[in-house]
Amino acid sequence: MKDHYVLKKEDFDALLALFSEDREEAGRIYERVRNGLERFFTGKGCRDAAQLADETLNRVASKAGTFDLSANTRPVTYVYGFAAKIYLEQARVRPTVPIDQLLNLRLLDSGAFEFEDPHEMALSRLDECLSELSDPDRQLIVSYYSREKQERIDLRKRLAKDLGLRPEILHMKVFRIRQSLRICFKRRLDREK
Amino acid sequence: MALDKKIMKNWLIGATSDAENEHVGVRMIEDDAFAADMSLAESELIEEYLEGGLTEAERELFELNYLVNDERRELVNEVALLKKYSGGSNKVSEPLPIRTWLDTVFGWRPNPLVFGPVVILILVLLGWQFLLNSDSNELETRYAEINREDVSDLSRFSQMELYPGTFRNGGNGGPVFKIGSSGESVVFRMPLTFTPSEGTQYGAVLTINGKQVFNVEKIQTLVVGSSQEARVVLPRSVFEKGQCQIILTPKIGGHSPIIYTFMAE
């Protein structure tokens, strides 16, 4: 990646002016855009998403004075252009890891993946962590992951309907259960070491 | 504006056009709520990868552009572990609960042009099925009556206590039902570790080796000490050796289906 840009006060002022004439409103937009950039870089699998978000805004700020407010370009699209460039710069230097070193999974004839045998220990650990969950949470997560392909899609639609939730809210609920499982899993792993 | 989930998945693996990249990228930056949609798409993408549901090209891109850091590798491992655990040895062979089947039927919007012949065909098939299963229906009818009677007196039946869980904790070391023991009927006691909402009613389906063998439409829940348990009386004659599950499905209100697992020998 190129050398880091150092933000100057006049550049920062120009950046805020890009977002809004009202300084307070511009400050709020700045924060939202910064968070959004972090989401963008995280979504692209970048390490140090927060640092890349700051770097993007610094570069935008350094050029903000040249942004044509009368042109039909939205400031967020302008910011995206810088973010996309920074992503490509860091993707070029990203180390690649051979796939056989990535995961402890083995490929089946069907094209699907399965854990290799040593992961029986992990399954036992998961079993113990699941038993620490409340009954409804345990039933939900076991049921949620119990099917594959079209059956999985149909099952989740039914689960969401039964619980009166939108699919993405059901997903977030499962996501939170997984977070508590992850904490339990790590705790047990540390204890075993 | 809703964004096609396929485009979101393609964006995650780096398979989108420049225009799509910009569209998704801008949404990621400016729309806080979009992160939830992307997270859902990401989870589905991981599962499709693990299930072998991606094309060869998509799989290569997934490994090249998605599996680029330890967090993501851990995430894929975590989902693989949960899928392995939850699928267990009864993967995709376990029958769907009865309520689900009804939901599917009532949720269907038939084309009037094909509806008539389809109904006739279904009725013919149901009639045929009825003739084939009249013995089993008779038994289910008899046990529906038994399950409506007072099941608080455990001295009337053999009994077996089960606990919620899948085959992971129902295999070796789990409860074992002896088919050859005495007693025509067995009451299965299934503790509920939560208090069901008022008016919740459960049906029970017995599956053996993934195949549904017996169905009781309505069973009773009783207060035992400080907790509650569901009880279902089943005929010993329907059992055969293998992995058994009793799936409790709420008929009115309540939770998702609860699965109790044991072995029959």
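Predicted model: local features only at pLDDT ≥ 70, side-chain atom pairs only at ≥ 80, totals over all residues.
A:Phe82 is a buried residue, with a relative accessibility of 19%, and this places the side chain just inside the limit, because buried means under 20% relative accessible area.

**Aromatic pairs**

- Over all chains, the count of aromatic pairs comes to 15.
- In the pair of A:Tyr78 and A:Phe82, the ring centres are 5.2 Å apart and the planes stand at 80°, so the arrangement is edge-to-face.
- Both of these residues belong to helix 4 of chain A (residues 75-92), where a spacing of four residues separates them by about one helical turn.
- B:Phe177 and B:Phe262 are both buried.
- One aromatic cluster brings in residues from chain A and chain B: A:Phe40, A:Phe41, A:Tyr80 and B:Trp11.

**Arginines over rings**

- If you look at A:Phe185, you will find A:Arg125 over the face of the ring, at 5.3 Å from its centre.
- A:Tyr145 has A:Arg156 over its face, at 5.3 Å from the ring centre.

**Cysteines**

- How many disulfides does a search of the whole structure find over all chains? The search finds one.
- That disulfide joins A:Cys129 to A:Cys184, with an S to S distance of 2.1 Å.
- The link between A:Cys129 and A:Cys184 is left-handed, with -90° about the S-S bond.
- Distant parts of the chain are linked in this way: A:Cys129 is in helix 5 of chain A (residues 120-131), A:Cys184 is in helix 8 of chain A (residues 167-192), and the two are 55 residues apart.
- A:Cys129 and A:Cys184 are both buried.
- Two further cysteines to know about are A:Cys46, buried with a relative accessible area of 8%, and B:Cys244, which counts as buried at 0% relative accessibility.

- B:Glu78 is placed in helix 5 of chain B (residues 70-87).
- Is B:Glu78 buried or exposed? B:Glu78 is buried, because its relative accessible area is 16% and the limit for buried is under 20%.
- Leaving aside residues up to four places away in sequence, B:Glu78 touches A:Arg178 and A:Arg182.

**A hairpin in chain B**

- Strand 4 (residues 201-208) and strand 5 (residues 211-224) of chain B pair in the antiparallel sense, over six bridges.
- Within this pairing, B:Val205 has B:Asn215 in strand 5 of chain B as its bridge partner.
- Two residues lie between strand 4 and strand 5 of chain B, which form a hairpin, and B:Asn209 in the turn has a positive phi of about 50°.

**Positive phi in chain A**

- A:Asp48 has phi near 55°, a positive value in a residue other than glycine.
- Where is A:Asp48 found? A:Asp48 is in the loop between helix 2 (23-43) and helix 3 (49-63) of chain A, and this residue is exposed, with a relative accessible area of 51%.
- A:Lys149 also is not a glycine, yet has a positive phi of about 50°.
- A:Lys149 lies in helix 7 of chain A (residues 149-163) and is partly exposed, with a relative accessible area of 42%.

**Chain A as a whole**

- Chain A has eight helices and two strands, and from the N terminus on its elements run α-α-α-α-β-β-α-α-α-α.
- Chain A has 193 residues, and 45% of them count as buried.
- Of the contacts in chain A between residues at least 6 apart in sequence, 54% join residues at least 24 apart.
- The accessible surface of chain A is about 10,900 Å², and carbon and sulfur atoms account for 52% of this area.

How values were computed
Residues numbered from 1 in each chain as written. Chains lettered and ligands numbered in written order. Heavy atoms only, no water. Buried < 20%, exposed > 50% of the residue type's maximum accessible area, 1.4 Å probe, protein only. Contact = heavy atoms within 4.5 Å. Areas by Shrake-Rupley, 256 points an atom, 1.4 Å probe, with all protein chains shown as cover. Pairing = 2+ DSSP bridges. Phe/Tyr/Trp six-rings, centres within 6.5 Å; stacked < 30°, edge-to-face > 60°. Lys NZ or Arg CZ within 6 Å of the ring centre and 35° of its normal. Disulfide = S-S within 2.5 Å.
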